[in-house]
Amino acid sequence: MLYDCKNDLDRASFLARAQLLADRKDVVELRTKRQRTLNQNAYLHTILGYFAAVYGEDVEYVKQMYFKQLVNPEIFIIGSSIDKFTGEKRIQCRSSASLTTEEMSVCIDRFRNWSSKEAEIYLPTAEEGIMLRQCEIEISKAQRYL
């Protein structure tokens with residue numbers, strides 16, 4: 001269960017539940033859930049979708065191969081293995097949901113720079129609202145082909 005400790009009611013509920021579990025002597029795990037903002041998430045999916053539409057590739061492929069493995073490998077790649085039957089190399093990547101806001105900002109900036117330099121596809125910044133809206137229109141037009 002998630003609790004937002006900035007909210008007084010959630011914080012009180014969390015402390016009461018923690019006390020209950022401590023009294024029962026249960027084994028518990030406490031971890032902080034860090035996540036990027038919803039705006040950042042929407043922006044990422046817009047630029048990935050636009051890149052995929054212009055480049056003519058599937059969005060998931062763009063995200064895995066270009067955004068994660070090619071442009072941001074030191075942030076996303078956590079390991080690799082070789083399939084013993086096919087000999088195919090498999091790369092294990094970290095989920096983008098586990099990134100902090102700062103890490104995601106770095107990844108997005110790198111992808112925008114790479115896209116302009118290498119693929120010659122301009123991706124608008126988050127502040128370019130009119131251009132982002134145009135990107136969304138282009139994505140919706142290309143959906144049936146991707």
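This is a short walk through one structure, and it is a predicted model.

I will start at the N-terminal end, with helix 1. Helix 1 covers residues 8-23, which is 16 residues. At 1.5 Å a residue the helix should span 22 Å, and its end C-alpha atoms are 23 Å apart, so the two figures agree. At the start of helix 1, look at asparagine 7. A side-chain oxygen of asparagine 7 comes to within 2.8 Å of the backbone nitrogen of leucine 9. At the other end, just after helix 1, lysine 25 has a positive phi of about 60 degrees.

Next, the core. The largest nonpolar core has 24 residues. Which of them touch the most other members? They are Phe51, Phe67 and Phe111. The elements that give two or more residues to this core are helix 2 (38-55), helix 3 (59-71), helix 4 (73-76), helix 5 (101-119) and helix 6 (129-142). Helix 2 gives the most, with seven residues.

Take phenylalanine 67 as the example. Its relative accessibility is 0%, so phenylalanine 67 counts as buried. If we leave aside neighbours within four places in sequence, phenylalanine 67 is in contact with Leu44, Leu48, Val62, Asn72, Phe76, Met104, Cys107, Ile108 and Phe111. Phe111 is on that list, and Phe111 was also named among the core residues that touch the most other members.

That brings me to the aromatics. How many aromatic pairs does a search of the whole structure find? It finds 10. One of them is tyrosine 61 with tyrosine 66: the ring centres are 5.7 Å apart and the planes are at 85 degrees, so this pair is edge-to-face. Tyrosine 61 is partly exposed, with a relative accessible area of 36%, whereas tyrosine 66 is buried, with 14%. The cut-off for buried is under 20%, so the 14% of tyrosine 66 qualifies.

Phenylalanine 67 comes back here. Phenylalanine 67 forms an aromatic pair with phenylalanine 76, at 5.6 Å centre to centre and 55 degrees between the planes, and this pair is tilted. Phenylalanine 76 is also at 0% relative accessibility and counts as buried. One aromatic cluster takes in both of these pairs: its members are Phe51, Tyr55, Tyr61, Tyr66, Phe67, Phe76, Phe111 and Trp114.

Now the strands. Strand 1 is residues 77-82 and strand 2 is residues 89-93; the two run antiparallel, and five bridges join them. Where in strand 2 is the bridge partner of isoleucine 77? That partner is cysteine 93. The hairpin has six residues between the strands, and glycine 87 in this hairpin takes a positive phi near 80 degrees.

Aspartate 83 also lies in the loop between strand 1 and strand 2. Is aspartate 83 buried or exposed? It is buried, with a relative accessible area of 16%. A polar atom of the aspartate 83 side chain lies 2.8 Å from the backbone nitrogen of phenylalanine 85. Not counting residues up to four places away in sequence, aspartate 83 touches Glu88 and Arg90.

On to helix 5 and what follows. Glutamate 102 lies in helix 5. At 56% relative accessibility, glutamate 102 counts as exposed. Glutamate 102 and isoleucine 78, which is a strand 1 position, are 24 residues apart in sequence and 19 Å apart in space, C-alpha to C-alpha.

Glutamate 120 is in the loop between helix 5 and helix 6. Glutamate 120 is not a glycine, yet it has a positive phi of about 55 degrees. It is exposed, with a relative accessible area of 68%.

Alanine 126 is found in the loop between helix 5 and helix 6 as well. At 44% relative accessibility, alanine 126 counts as partly exposed. How many residues apart in sequence are alanine 126 and asparagine 39? They are 87 residues apart in sequence and 8.8 Å apart in space, C-alpha to C-alpha. Again not counting residues up to four places away in sequence, alanine 126 touches Tyr43 and Leu132.

To close, I would go back to phenylalanine 67: buried, among the core residues that touch the most other members, and part of the aromatic cluster. That is all I have.

Note on methods:
Residues are numbered from 1 along each chain as its sequence is written. This is a predicted model: local features need pLDDT of at least 70, side-chain atom pairs count only at pLDDT 80 or more; totals for chains, interfaces and linings use all residues. Side-chain values use heavy atoms; hydrogens and water are left out. Two strands pair if DSSP finds at least two bridges between them. Helices (H or I, at least four residues) and strands (E, at least two) are DSSP runs, numbered from the N terminus. The expected span of a helix is 1.5 Å times one less than its number of residues. A polar contact is a pair of N or O atoms within 3.5 Å; within protein, one must be able to donate a hydrogen and the other to accept it, and residues adjacent in sequence count only if both atoms are side-chain atoms. A nonpolar core is a set of buried Ala, Val, Leu, Ile, Met, Phe, Trp, Tyr and Cys residues joined through side-chain atoms within 4.5 Å. Buried means under 20% relative accessible area, exposed over 50%, partly exposed in between (1.4 Å probe, protein chains only). Contact means heavy atoms within 4.5 Å. Rings of Phe, Tyr and Trp (its six-membered ring) pair if their centres lie within 6.5 Å; planes under 30 degrees apart count as stacked, over 60 as edge-to-face and the rest as tilted.
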